[in-house]
Amino acid sequence: MQRPGWLLAGALLLMLVAGGVSALLFTALGKPPVVGEPLRVVYHINTDAPDLHLNALRSLQNHIDGAEIEQALQIKVLMHGSGIHLLQRARSDPDLRSTVNALKRQDVRFLVCGNTLASRGLARGDLHEVEDRDVVRSGIAELTRLQRAGYTYIKP
Amino acid sequence: MSNDRLSAKDRPSEEILNAFVDGEFAPEDRLSTLKTIASNEDLSREVCDMHQLKELVSMAYEDVPARQTGRGRQPAAGGRLLRFPAVAAGVLALVIGSLGGYELTRDGGLVGDAIAQISGEESDALALVAAVDDGAEGAVVPQKAFAATRTDQVLLHLNDADTLAMAELLDDIESMYREAADQGHELNVQVVVHNNAVDLLRADRAPYPERVANMAQDYPALRFTACAQTLSRLAREKGRPVDILPEAELVDSGVAEAARRQAEGWIYIKV
């Protein structure tokens, strides 16, 4: 066979390579952000029980440790009623505070019920590092919303 | 019969090709360009074309192994139609293939970005949680279920006699109904009390009877239910019947009711 035939074969080979590279890129770019369903969990805390609080946060850490490595995590702790004492005590209790901070570093969100703050005359500043975006209007309504959105409900 | 089977056998690959052609990758003009080339220039083009399609299909569907037959036939085709047209066809196929690969890649990237962006918003702006969760990010199935007129069904389960918690629960229920009214969706709330929490609905001990009465009147879809087993136990202990508020209803068992409602798809919250 003459040169053009080889050129054609070469061109086809190049095409194969281009296709292969594209396929690799496609795999690399298409997949990474979320593999399958993220793990969506909301922990509900509404009692003032220091032991329960610490145990709940430990379970939460175990929960994270037990998840698939590549699985996206969307985990929230929702506190209302007497449960907000957790974040009040975190201001003075270093163990509790570091546990909370460690979870926050793993993207766990700590949400506080705005109704509770109002009815108990508390401000955000009375709690450990609560920002505006961490305050929801009603804790129960938020729990409803999250469950409807596919969050698994856990009441420790 | 055997014909049917044969065509049924062929169909999957056709479907794959069609899905590929109609779907995310190829705008029709690109395909028609390929077709024009094929009809203008004969077999070698057709081989290129087929190979091109196969290559892209195997790119989009990684599990489908690229068939070797196309390659095997190319030298033969090249042998028949040598010279410039063949080379041009090869180069054209290369360009289109690369472009196609790029397009696919870019689309993949866009999809990924969109997902990342949504999750980012979701974790950032709490006010957006509902909208985002309902929409793109969250459970697709619930979204469908609520598509017509959304009805939330929430069971609030109490077994503790903390009056402050009860007052805050009533706040929360009011808040939920206000929100539901704002957003124009239906809301069924059922409060189930058992054990010490029956205080909430006991005629002789209710901490907020007027409030319960008012709320029951304001929100017809709100039900206050008390566990009949708890009440009969209390009646035995006290040696006299224990009445509940007129707005309250009895359920056979608080726990059973909670389980039943969850099985029916109600959202469950243990207060």
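Of the 156 residues of chain A, 46% are buried, where buried denotes under 20% relative accessible area with a 1.4 Å probe and protein chains only. The model is a predicted one, in which local features need pLDDT of at least 70, side-chain atom pairs count only at pLDDT 80 or more, and totals for chains, interfaces and linings use all residues. Residues are numbered from 1 along each chain as its sequence is written, chains are lettered from A and ligands numbered from 1 in the order in which they are written, and side-chain values use heavy atoms, with hydrogens and water left out.

Chain A contains six helices and five strands, taken as DSSP runs numbered from the N terminus (helices: H or I, at least four residues; strands: E, at least two). Their order from the N terminus is α-β-α-β-α-α-β-α-β-α-β. Among contacts in chain A with a separation of 6 or more, 75% involve residues 24 or more positions apart, a contact being heavy atoms within 4.5 Å.

Within chain A, helix 2 (residues 50-66) packs against helix 4 (residues 94-105) at about 30°, the axes lying 11 Å apart. Helix 2 of chain A is therefore roughly parallel to helix 4 of chain A, the term covering angles under 35 degrees; axes are lines fitted to C-alpha atoms, for helices over the stretch in contact, and angles run from 0 to 180 degrees between N-to-C directions. On the side of helix 2 of chain A, the contact is formed by A:Leu54, A:Leu57, A:Leu60, A:Gln61 and A:Ile64, and on that of helix 4 of chain A by A:Leu96, A:Thr99, A:Val100 and A:Leu103. By class, this contact of helix 2 with helix 4 of chain A comprises seven nonpolar, two polar and no charged residues (nonpolar: Ala, Val, Leu, Ile, Met, Phe, Trp, Tyr, Cys and Pro; charged: Asp, Glu, Lys and Arg; polar: the others, Gly among them).

In chain B, the axes of helix 8 (residues 163-183) and helix 9 (residues 209-218) come within 12 Å and cross at roughly 20°. Helix 8 of chain B contributes B:Ala167, B:Leu170, B:Asp171, B:Ile173 and B:Glu174 to the contact, and helix 9 of chain B contributes B:Arg211, B:Val212 and B:Met215. The contact of these helices of chain B has five nonpolar, no polar and three charged residues.

In helix 11 (residues 254-263) of chain B, the residues B:Gly254, B:Glu257, B:Ala258 and B:Arg261 are buried. Viewed down the axis of helix 11 of chain B, the buried residues fall within an arc of 100° and so line one face of the helix, the arc being that of the directions from the helix axis to the C-beta atoms. B:Gly265, with a positive phi near 95°, follows helix 11 of chain B.

Note on methods
Buried means under 20% relative accessible area, exposed over 50%, partly exposed in between (1.4 Å probe, protein chains only). Angles under 35 degrees count as roughly parallel, over 145 as roughly antiparallel, 65 to 115 as roughly perpendicular and the rest as oblique.
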